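Please keep the sequence and the structure in view while reading.

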Amino acid sequence: MDEEKRSSYPKVALIWPAFYFYHVARFQALHRRLGERLLGIELVGGALEDRGIRWQYLKRGDLPIVTLFPRSDIGDIAHKDLGASIINKLRDWGADAIFVNGYYTPEYRLVINWAHRHNKRCFIFSETKRNDYPRFFGKEWLKRRIIKRIDGAICGGRLHRDYLVELGLSPERILFGYDAVDNDFFRRMSSLARSDAEANRRKYNLPQRYFFSACRFVKKKNLIRLLDAYKIYSGKAPADSTWSLVLCGAGPEENKLKRKVRIEGIKGVHFLGAAQPEELAVYYALASCFILASTQEQWGLVVNEAMASSLPVLVTNVAGAAGELVENGINGYTFTSRDKGELAGLMLEIAGLDSARLREMGAKSEEKIRVYTPQLFAESIIRLLSL
């Protein structure tokens with residue numbers, strides 16, 4: 001980009017609690033546009049350890065990202081100290097425009113109020129939908145007060161936009177593109193894994209045909225009901241062609257899930273543990289279909305990853321990604337999150353398709369996800385800054 005054009009942009013700060021794999025990919029895309037006009041502020045470094053899962057960052061290289069509390073976890077720092085540290089960094093760097101990850105925590109509200117008082121433009125990233133949780137008048141009234149101090153938002157999809165409009169933000173100041181992952185990484189890595197599929201199956205002890213789900217093992221991910229649905233499916237599927245179920249992740253529900261499989265004698269279930277992106281890409285690549293079964297899901301970035309890996313997808317209808325990314329009968333199906341029978345029926349339907357049809361659905365997934373890229377995220381931020 002022409003340096004003169006770059007210098008015409010305001011100094012922009014992006015704030016997230018931690019820069020995970022997908023955050024870094026989005027930040028990289030924006031950094032290509034803004035260069036030294038961009039700063040990333042990460043609150044804590046200890047967030048590498050998140051609910052019992054060890055995460056690995058994408059290599060950051062020379063990206064301008066600073067960590068305020070590099071040896072701490074997010075729960076160890078008082079909200080007022082987090083807010084004060086963010087504001088001090090914004091002031092010292094001379095930020096003109098600020099993007100914060102929502103408005104729900106006290107430290108972000110401190111930043112929003114500080115930006116308002118000092119005539120700084122302030123935007124939010126939002127993937128909250130009305131149906132995520134029960135809504136109460138008092139909290140909604142407070143949110144509307146906060147939204148009045150916001151200059152715009154980057155959100156995931158239509159349901160997120162509709163909720164922001166309901167809270168009082170002008171629709172012209174709400175752009176899409178927040179929920180993006182590094183599609184090129186998953187496309188490239190899945191192609192590489194499939195080029196030597198049998199060797200990779202042996203290396204990672206993967207079955208020939210399997211449904212795949214990757215998530216934190218917590219209650220809202222609905223894995224108990226997924227196991228119930230799989231049990232129904234495997235009881236009805238032909239014995240010689242029953243697909244396995246591969247679960248990737250870790251968390252507080254792990255022992256409960258394994259105990260259920262053992263006690264109920266559910267055959268064909270594989271637990272892989274938490275995975276780094278390179279391993280995860282192999283699991284996607286060699287799967288036959290991806291499933292997200294959550295009872296609560298603001299978006300579901302694993303759906304993006306699966307689609308970038310050319311998989312058909314079965315996605316809970318509560319996920320923000322469902323209405324944006326899934327076309328029933330084209331690249332997968334949506335289902336009612338609490339209906340294990342419906343999910344089992346879809347598993348039977350998908351597993352009954354021939355390989356050519358599965359590849360066709362996977363290709364449709366990959367084609368559709370091309371729009372949802374880190375580049376779209378960057379372009380939406382540039383557009384917001386010009387409003």
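Helix 2 passes helix 16 in a right-handed crossing (a crossing is right-handed if the near helix is turned clockwise from the far one by less than a right angle, and left-handed if anticlockwise). Helices here are DSSP runs of H or I with at least four residues, strands are runs of E with at least two, and both are numbered from the N terminus. The model is a predicted one, in which local features need pLDDT of at least 70 and side-chain atom pairs count only at pLDDT 80 or more, while totals for chains, interfaces and linings use all residues. Residues are numbered from 1 along each chain as its sequence is written, and side-chain values use heavy atoms, with hydrogens and water left out.

Helix 2 covers residues 21-34 and helix 16 covers residues 374-386; their axes are 8 Å apart and the packing angle is about 50°. That angle makes helix 2 oblique to helix 16 (under 35 degrees counts as roughly parallel, over 145 as roughly antiparallel, 65 to 115 as roughly perpendicular and the rest as oblique). Axes are lines fitted to C-alpha atoms, for helices over the stretch in contact, and angles run from 0 to 180 degrees between N-to-C directions. On the helix 2 side the contact involves Ala25, Arg26, Ala29, Leu30, Arg32, Arg33 and Leu34, and these meet Pro374, Gln375, Phe377, Ala378, Glu379, Ile381 and Ile382 of helix 16. Contact means heavy atoms within 4.5 Å. By class, this contact of helix 2 with helix 16 has nine nonpolar, one polar and four charged residues. Ala, Val, Leu, Ile, Met, Phe, Trp, Tyr, Cys and Pro count as nonpolar, Asp, Glu, Lys and Arg as charged, and the others, Gly among them, as polar.

| Helix pair | Packing angle | Axes |
|---|---|---|
| Helix 2 and helix 16 | about 50° | 8 Å apart |
| Helix 7 and helix 11 | about 65° | 8 Å apart |
| Helix 9 and helix 10 | roughly 25° | within 10 Å |

The crossing of helix 7 and helix 11 is right-handed. Helix 7 contributes Phe185, Phe186, Met189, Ser190, Ala193 and Arg194 to the contact, and helix 11 contributes Pro277, Glu278, Ala281, Val282, Tyr284, Ala285 and Leu286. Ten of the residues in the contact of helix 7 with helix 11 are nonpolar, one is polar and two are charged.

Helix 9 and helix 10 also form a right-handed crossing. Their contact is made by Leu223, Ile224, Leu227, Asp228 and Lys231 of helix 9 with Lys256, Leu257, Lys260, Val261 and Glu264 of helix 10. It divides into five nonpolar, no polar and five charged residues.

An open sheet of seven strands has the order 5-2-1-6-7-8-9, with parallel pairing. Two strands pair if DSSP finds at least two bridges between them. At the edges are strand 5 (65-69) and strand 9 (174-176), each pairing on one side only. From one strand to the next the twist averages 20°. Strand 2 (residues 38-44) and strand 5 run parallel and are joined by four bridges; Glu42 has Thr67 in strand 5 as its bridge partner. Helix 6 (residues 158-166) lies across strand 7 (121-126), strand 8 (152-155) and strand 9, at about 170° to strand 9.

Another open sheet has six strands in the order 12-11-10-13-14-15, again with parallel pairing. Strand 12 (269-273) and strand 15 (332-335) stand at its edges with a single partner strand each, so one side of each has no neighbour in the sheet. Strand 11 and strand 12 pair in the parallel sense over four bridges, and Cys248 stands opposite Gly273 in strand 12. Between these two strands the chain passes through helix 10 (residues 254-264), and this β-α-β crossover is right-handed (with the strands pointing away from the viewer, the path from the first strand over the helix to the second runs clockwise).

Strand 14 (residues 313-316) pairs with strand 15 in the parallel sense, over four bridges. The bridge partner of Thr316 in strand 15 is Phe335. The chain crosses from strand 14 to strand 15 through helix 13 (residues 320-325), in a right-handed β-α-β crossover.
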